[in-house]
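Let's take a walk through this structure together. Have a look at the sequence and the model first, and then we'll go through it piece by piece.

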Amino acid sequence: MGLTAQCAGMTEKFTGQFTQQEPIPEAAIAAAVQVMQSGRLHRYNTQGDEAGETALLEVEFAAYTGAQYCLAVASGGYAMATALRALGVRPGDKVLTNAFTLAPVPGAIASVGAMPVFVGVTEGLVIDLDDLAAKADQADVLMLSHMRGHICDMRRLMAICNAAGITVIEDCAHTMGASWDGVPSGRWGTFGCYSTQTYKHINSGEGGLLISDDAELMARAVMLSGSYMLFEKHRAAPPPDAFAEIKYQTPNVSGRMDNLRAAILRPQLGDLKTQCDRWNALYHAVEDGLRDVPGLTLIDRPKEEGFVASSIQFLLLDWSASAVEDVLARCKARGVELKWFGGAEPTGFTSRYDSWRYAPSSAMPESDRILAGIIDMRLPLTFSQDDCAVIARIIRDEVSIVYQATSAA
Ligand SMILES: *Cc1c(COP(=O)(O)O)cnc(C)c1O
């Protein structure tokens, strides 16, 4: 990676870019160029029995996850909204979802006129299953966000939801390639939704994927996505007879993926396993460097969780806002960009449930305590393990300095 750490006097500084992705692989660029040369970017603009890149991506992603059906769409948020529409969620309905997540999740719920009901977060950064059980009578659908790749006890979650008649949609924007107890994330619920936006695990700028084993729901999703009467061109969709009635009843809410994005994604899907291992190696390098720092809590990762850590989180639990801000500023001055989920104002990609004012919420003091302590950092694959060691040393120093100053005060 070249010289990413430089010494200015005694102070080590990190000079890498936290938002710098790797280039698109050469095979993907070549495939994209071919699509552009053909001029046939629209997924249904195929000749004879040619499948087209989008249909092939769907086949490959269905095989990758083990799902019966797959639909490629314009974004992860669109995939989630399509799942809600296919399930018949109506304006005014309530939908359970995580308090700790990102704006597109309550946004997808709001986009169909429904109302998010927020469920708390634990110190393990997963949905609070006791809170979910307590709120289970409030909605028929759970939009479960595996936020920052943390996966809850899926057996217990499914038991709660099955007992209460709740349909589960999984938001796997941060868990493509991950699993719980050997079952891929996205395969526990009725639908799994993925994003292929630049900051996720495969990169087409924008894009999304939706998977399910349910023929009727997926036929609706295909129609919703804007398939006109061309659904027979799909290769990972339910058979034509599943569309017999649905094709008359389902509105077209265009949000298709195009062949250019699909061409970029297919080679990346082939590399995904390798990339996931690389992310986890970076994660472990930072995690190892942050052990036994007084005042800093690492997140427990249960043995059932086959995680893909494209980011890392830790807690500064019960720290004052000013002490947290001090740590962020000091790390930033040394080139380490940390995000904080406890800030009073939403900034950048980071906001909290009580800043989504279109979705009224009641206070959740236990969750507020955790959210106030969540520090979050991206781990782009352009970082080396040495970079991660430097980053960890910087965080460790600065957390220790501020912690000692505040506990002395
Ligand atoms: C990115 C993201 C989404 C939505 O993905 P888009 O493709 O940007 O619409 C959904 N959930 C979470 C947690 C995300 O980070």
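**A walk through the model**

Let's begin in a loop: the stretch between α7 (215–224) and α8 (246–249) is where you'll find Tyr228. Keep in mind that this is a predicted model. Tyr228 has a phi near 45 degrees, a positive value in a residue other than glycine. Is Tyr228 buried or exposed, or something in between? With a relative accessible area of 47%, Tyr228 is partly exposed.

Another loop, the one between β6 (141–145) and α6 (154–164), holds Arg148. Here too phi is positive in a residue other than glycine, at near 55 degrees. Arg148 has a relative accessible area of 13%. Buried means under 20%, so Arg148 counts as buried.

Now for the ligand. Its surroundings are made up of 16 residues, and the closest are Gly76, Gly77, His174, Ser195 and Lys200. Sorted by class, that shell has nine polar, five nonpolar and two charged residues. The side chain of Lys200 has an N or O atom 3.0 Å from an oxygen atom of the ligand. On its own the ligand would expose 370 Å², and the protein buries 92% of that. Two elements, α3 (76–86) and α4 (104–111), each give two or more residues to the shell, with α3 giving the most, three residues.

So what is α3 like? Nine of its 11 residues are buried, so α3 is largely enclosed by the rest of the structure. Among those buried residues are Gly76, Tyr78, Met80 and Leu84. At the start of α3, a side-chain oxygen of Ser75 comes to within 3.4 Å of the backbone nitrogen of Gly77. Just after the helix, Gly88 takes a positive phi of about 85 degrees.

The largest nonpolar core has 80 residues, and Leu142, Leu157, Val336, Met377 and Ile395 have the most contacts inside it. Which helix gives the largest share of this core? That is α9 (residues 259–289), with 10 residues. The core also draws on both domains, taking at least three residues from each of domain 1 (26–270) and domain 2 (272–408).

Technical notes. Residues are numbered from 1 along each chain as its sequence is written. This is a predicted model: local features need pLDDT of at least 70, side-chain atom pairs count only at pLDDT 80 or more; totals for chains, interfaces and linings use all residues. Side-chain values use heavy atoms; hydrogens and water are left out. A residue is near a molecule or strand if one of its heavy atoms lies within 4 Å of it. A polar contact is a pair of N or O atoms within 3.5 Å; within protein, one must be able to donate a hydrogen and the other to accept it, and residues adjacent in sequence count only if both atoms are side-chain atoms. Accessible areas come from the Shrake-Rupley method with a 1.4 Å probe; for residues, only the protein chains shown count as cover. Helices (H or I, at least four residues) and strands (E, at least two) are DSSP runs, numbered from the N terminus. Ala, Val, Leu, Ile, Met, Phe, Trp, Tyr, Cys and Pro count as nonpolar, Asp, Glu, Lys and Arg as charged, and the others, Gly among them, as polar. A nonpolar core is a set of buried Ala, Val, Leu, Ile, Met, Phe, Trp, Tyr and Cys residues joined through side-chain atoms within 4.5 Å. Buried means under 20% relative accessible area, exposed over 50%, partly exposed in between (1.4 Å probe, protein chains only). Domain bounds come from an automatic or database domain assignment.
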